[in-house]
Amino acid sequence: MPAAFPEFRLGSVLATSFTGTLSERHGSAVERIPTPRRLVDWLAVSGLAVDSCTTAQLDLARELRESIHAAATAAAVQDALPVPAVQVINDRSAQGRAAAILTPDGRRRWQLGSASCVEDALSVIAADAISIIAGERDGKLALCASPTCRAAFFDTSQSRTRKWCDMNTCGNRQKKARFHANQRKNPRTVE
């Protein structure tokens, strides 16, 4: 992958990892899938390899990403789900050809249609979003505590009290900021 692009922030939940392809939504936004090729790369590392992507398919993917983010955010704060977002998620879920396959080690893997296309991959992502927003999986939707991020993530920690979408980025940044603020408030005297 070209070094000019920011790294992917991959999580264990497909739908919320997909929404993470746009980070720092309330700060200096970072677009991690700026080109059709970059979407192909993200799908490949997410187990949904496709051969190619057009600009129109990238637009469909971004529309799905923003719809999942809007619906997941509403679910996390227990608001009504936005009807346009729900419609996009449902449309993308219904438009693809993908099947759940059981692997020999007892895991589910998605198999895209024989002529794998972006729409097939988007249907898998939409189906994953439906399962987490509908509360069918063990965990809870939450929003990152970083004021510049506010990413929706799926908290599967035992206590369900995770605060950050990613401890290595948002959590670390917030802890550093708190440390430096405390250092400014309580400077050590040199003896």
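# Reading a predicted fold

Mentor: Read along the sequence, this protein runs α-β-β-α-α-α-β-β-α-β-β-α. Helices (H or I, at least four residues) and strands (E, at least two) are DSSP runs, numbered from the N terminus. Here there are six helices and six strands. The model is predicted: local features need pLDDT of at least 70, side-chain atom pairs count only at pLDDT 80 or more, and totals for chains, interfaces and linings use all residues. Residues are numbered from 1 along each chain as its sequence is written, and side-chain values use heavy atoms, with hydrogens and water left out.

Trainee: What does the protein average in pLDDT?

Mentor: pLDDT is the predictor's confidence in each residue, from 0 to 100. The protein averages 86, and 91% of the residues score at least 70. Among the elements, helix α3 (residues 55-76) has the highest mean, 96. Helix α6 (residues 167-185) has the lowest, 71.

Trainee: How many of the residues in α5 are buried?

Mentor: Buried means under 20% relative accessible area, exposed means over 50%, and partly exposed lies in between (1.4 Å probe, protein chains only). In α5, 13 of 16 residues are buried, so the helix is mostly covered. Across the protein, buried residues make up 38% of the 191 residues.

Trainee: What should helix α5 span?

Mentor: The expected span of a helix is 1.5 Å times one less than its number of residues. Helix α5 covers residues 118-133, so it should span 22 Å. Its end C-alpha atoms are 22 Å apart, which agrees. Just after α5, G135 takes a positive phi of about 75°.

Trainee: Which residues other than glycine have a positive phi?

Mentor: Q78 is one of them, with a phi of about 60°. Q78 sits in the loop between α3 and α4 (83-95). Its relative accessibility is 74%, so Q78 counts as exposed. R160 is another, with phi near 60°. R160 lies in the loop between β6 and α6.

Trainee: Which elements do the buried residues of α2 pack against?

Mentor: Look for contacts, meaning heavy atoms within 4.5 Å. The buried residues of helix α2 (residues 36-45) are R38, L39, V40, D41, W42 and L43. They pack against α1 (14-19), α3 and α5. After α2 comes G47, with a positive phi near 80°.

Trainee: How many aromatic pairs does the structure hold?

Mentor: Rings of Phe, Tyr and Trp (its six-membered ring) pair if their centres lie within 6.5 Å; planes under 30 degrees apart count as stacked, over 60 as edge-to-face and the rest as tilted. This structure holds one aromatic pair. The ring centres of F18 and W42 are 5.1 Å apart and their planes are at 50°, so the pair is tilted. The pair links distant parts of the chain: F18 is in helix α1 and W42 in helix α2, 24 residues apart.

Trainee: Is F18 buried or exposed?

Mentor: F18 is buried, with a relative accessible area of 0%. W42 is buried too, at 1%.

Trainee: How many bridges join β5 to β6?

Mentor: Two strands pair if DSSP finds at least two bridges between them. Four bridges join strand β5 (residues 140-143) to β6, and the strands run antiparallel. A142 has F153 of β6 as its bridge partner. Both faces of strand β6 (residues 152-155) are covered. A152 and F154 are buried on one side, F153 and D155 on the other.
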